Amino acid sequence: MPSLVTGRLPVRLTPLVGRQRELRDVVDSLSRSRLLTLTGPGGIGKTRLALAAAGAVSTCYPEGVCWVELAPLDDPGIVARVVARRVGVPDSPGQDATAAIVEHVADGSMLIVLDNCEHLASAVAVLAEQLLGACRAMSILATSREVLGVDGERSWPVPPLSLPEDGAPAAAAALAESDAVRFFEYRARLVVPSFRLADDNAPAVAQVCRRLDGLPLAIELAAAQVRMLSVGQLAERLDDIFAVLVGGARTAPPRHQALRATLDWSHDLLDEDERVVFRRLAVFAGGFTLTAAEQVAAGGGIRPARMLGPLTRLADKSLLRVDHGGSDARYHLLGTVREYALERLAEASEQEATRRAHLRCFADLVEQVAPRIEGGSEGPLGLERELDRLDAETPNLRAALEFARDCGDANAALRIAGPLGRFAYLRGHYHEIREWMDAAVTAGTHAPAALRAQALLGSGRLALLQCDYLPAVRRLEAALRLYRELGDARGVASALQVLGSVAREQGRYARAMELHTESLAIAEGAGDRWAVASAHGYLGYACWLQADFERATEECALALRMFRELGDVEGIAWSLLSLGTVARHQGAREQAAALLQESRSQAERIGFREGIAWSLEQLGLLAADRGDPAAAALLRNSLEIHHDLRDRWRTCSVLEDLAAIALAQGNPRQATRLLAGAETLRVTIGTVIAPCDSAQHAATMTGARAALGDEAFAAAWQQGLRAQIEDLQADLAPPGTAIGHRPSGQPEAGTDPPAARTGSRRKPPADAGKQDAGSTAASGMLRIRALGAATVHCGDAVVTAADWGYAKPRELLFLLATSPPMTRDQLGAALWPDLSHEQLGNALHTALRGLRRALGDPGWVVYSDGRYRFNTAWEHESDIETFEQALAAARGARPAAAALPDLQRAVAAYRGDFLAGMAAGEWAQARRDELARSFESALLATGRLHAAAGRYQPAAAAFRRAVAHDPLNETAHRELMTCWVRLGETARAVRHYRELVELLQEQVGVPPAAETTALYRRLAGRR
Ligand SMILES: Nc1ncnc2c1ncn2[C@@H]1O[C@H](COP(=O)(O)OP(=O)(O)O)[C@@H](O)[C@H]1O
Ligand SMILES: [Mg+2]
């Protein structure tokens, strides 16, 4: 399996000096403890040692080593997300970042290095605890001034560089035994290449090193002075400085004093301009370019054009680092040095002004770069570079947004976040940037409409990409209204276009065509060629989905010509794809193949993954038409990319394509499962089968049913409905590969022979032997609470974290206890989505053992008919069961009004959201959403039944609970307002409406739905 991680180790241009013993010791400790924290004061060498250790152990972690630099972060709230990104977790809508890492890493063996944790210690502690609890083969190496304070953490205080022993001979050869002396020599040679440690200067070097307590950063700063001073002079100066300093700050720990004195001294030696530049550079997060320094650190007599001078001198004095990695050199201050510079900046009272300049600089940068990305007119290399640029500046963008928020500069926040839409799309940063945009809109209620509209449009587009259609429409409609008011044709055209895309994905083709047509007319009116080309492309797309191939060809050919003229690679790839698809539908196979191949290579050229996945799908279908066996592999490949991008809409289509192939290959059962799996996704996101595919879909459906017979078809359909995508993928793997599917019910060698395999359904396992057909486990009744904070009681005792051992056994119990019986592969897909079939055997075996041990009786999990299930025959209580049974009873109640007691039972059982606060995989998130929706429907039904019977007080109480659960549930708000009116409290209803307006404004920046406003008008009229 390829390595999971993307966050590679940073490269250091200077070699590690000494530290061999320390390195061995750290490596050894890391093999004993899964959380090792290197501690010590700033500048002692924690980061350097961690880097060396990470390099030394990298081969021990098959999934790789991931380096996460935390110094540039200020906000503890985004630590998990930043780690997730470095680990290479795909951005997945609505998922908690920690859970996403857990799911991605699962039981993979990986080392995560968290560098510079001190300012975020508690957030890191929480994250580390959750990750290590859930990922049993993960280790964490942290560096921090203080320990993190997590159970099981081992702290490893980093010592200073070794110093010459007292009384060591004064000869250079003897003194060079010490790491500190050799380090001094090494650093001095960087400024004076002819510098050599010799008998005449070695004692003075040793004196300097002792004076500086072996602290590498201090030695580095002092050694930079040998350009101007002999080592003897240096030692004397240090003595003088220390006499002053130590006299003043006796209470500080000696090493801290050494560093402080050295920093003060280095600072004193700067000329005035260098000092000014130095302290202003402290506002950058995660490094900066020369241009940025010119804009932020100049001023007050320092000319931007002369910035390179002070920067070079600061680098010579070791106060500034230079990284030559990317296309432009970047500079940064070492963490400890940056803190010092920040202090100086505050002292000079320049913080506010410099942060303002920083904000301006990055708002300007986005304004410059974003249109080049947005317009798509740059050559492919140019686009890559611009995207890299924004990626590198992300910490600075974050810092600038933070300052904009602190000082209430909503316009600047909108200028930064608003134009980042296409960057977020192409680099897959949907989540964080959508949040930036929403926060900026919310803060900027009085900002210029153009800025608000842009951010609303961007956020709406990202919501569409996440298949989050309702929030997408709210934002897009708000953007559209603003653009209309502004008379901004390009904006109107874009908003209409994205709204059209939402309609298309939802299968409302007529509406999609209307919106795209309107968009085209406006773009033409404004003479915007790119928007015109896009509109033709989208019209063609909606046409071929509806099987109108003739018009599709016209539109897409036009789009292709225009995109070629504009040099927009993404647009070219799209148009070719559409044309190729149409040709395939029309039976023009050769032409289709040529078009699709070209589309694929254009998409590959710019790394445009969505486009690649599309062309693979169409090429696969073309192969299938020819009866070429390569078809399945092409489609599987496409499925993998679409699924990885979390594009559920596309995932459904490819699953259906694969179903047709399975049927053709004589596997109707698999075809049925695939169709049902796709159906589940379609229902979840609310989308339909496109007319151009519906004949094929119906044929597969009918064919599978005819081949299997009604009963077997229904059974396979049920299996598919419950399956996870990964399950279906595993099902599809060609025979002989690692994830090949075996006939279910046959656990392979090495799997836990499940304890209950021989037991009948109603009995505990024979080998449990504690009782026979009794209905209670040896350990007593089990009580499972999954709604709200999760707990498990065995008899009277609560099952604690220590009983579970690690997080997976507990998650496994909740999964089994709240799902129908599951196959091993289904369990694997939910709990260990990244493990191979073989690895899964072990992981499941271990977790089952932990689970059975924690519950004190192996019979709680039963294995029969190829599936694992929770033993419901034994005495137990489960709030989910209560909730779902009550809901089912309510649904079956006749007359409908008789459902009230069952609904009330269901509502009472719902104490909170499913597994609230517990880190669990995506399966739990999906279940949580589903249960929350059921709960809200139950509340609405309760309220309506009360209201229908004239009991408005309890009705209002139910609606209020619905509103409290989801403040954006407008239906519940309307029902509640109606209740107030019925109770004679019209004024309250009106007030409620006004509050709702404010709430929607604040949370999503849009007005209430037309229906709500109409209700309000009616109510207000009554007063
Ligand atoms: N053993 C070493 N060899 C080479 N350079 C070192 C060594 N130890 C520390 N340094 C250098 O000293 C400076 C401070 O070390 P660093 O690891 O950043 O400290 P910390 O992380 O404890 O603040 C850095 O420039 C680092 O590269
Ligand atoms: Mg450090």
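Reply: Ala-106 lies in the loop between α4 (97-105) and β3 (110-115); helices (H or I, at least four residues) and strands (E, at least two) are DSSP runs, numbered from the N terminus. The model is predicted: local features need pLDDT of at least 70, side-chain atom pairs count only at pLDDT 80 or more, and totals for chains, interfaces and linings use all residues. Residues are numbered from 1 along each chain as its sequence is written, chains are lettered from A and ligands numbered from 1 in the order in which they are written, and side-chain values use heavy atoms, with hydrogens and water left out.

Ala-106 is not a glycine, yet its phi is positive, at about 45°. Most residues other than glycine have a negative phi, and most peptide bonds are trans. Ala-106 is also buried, with a relative accessible area of 0%; buried means under 20% relative accessible area, exposed over 50%, and partly exposed in between (1.4 Å probe, protein chains only).

Asp-865 sits in the loop between β11 (861-864) and β12 (867-870), and at 62% relative accessibility it counts as exposed.

Another loop, between α41 (879-892) and α42 (900-909), holds Pro-895. The peptide bond that joins Arg-894 to Pro-895 is cis, with omega about -10°.

For a helix, take α7 (residues 179-191). Its 13 residues reach 19 Å from the first C-alpha to the last, close to the 18 Å expected at 1.5 Å a residue; the expected span is 1.5 Å times one less than the number of residues. Among the buried residues of α7 are Val-181, Phe-183, Phe-184 and Arg-187.

These parts belong to a chain with 47 helices and 13 strands. Buried residues make up 55% of its 1023 residues. The C-alpha trace spans about 100 × 85 × 70 Å along its principal axes. Of the contacts (heavy atoms within 4.5 Å) with a separation of 6 or more, 69% are between residues 24 or more positions apart.
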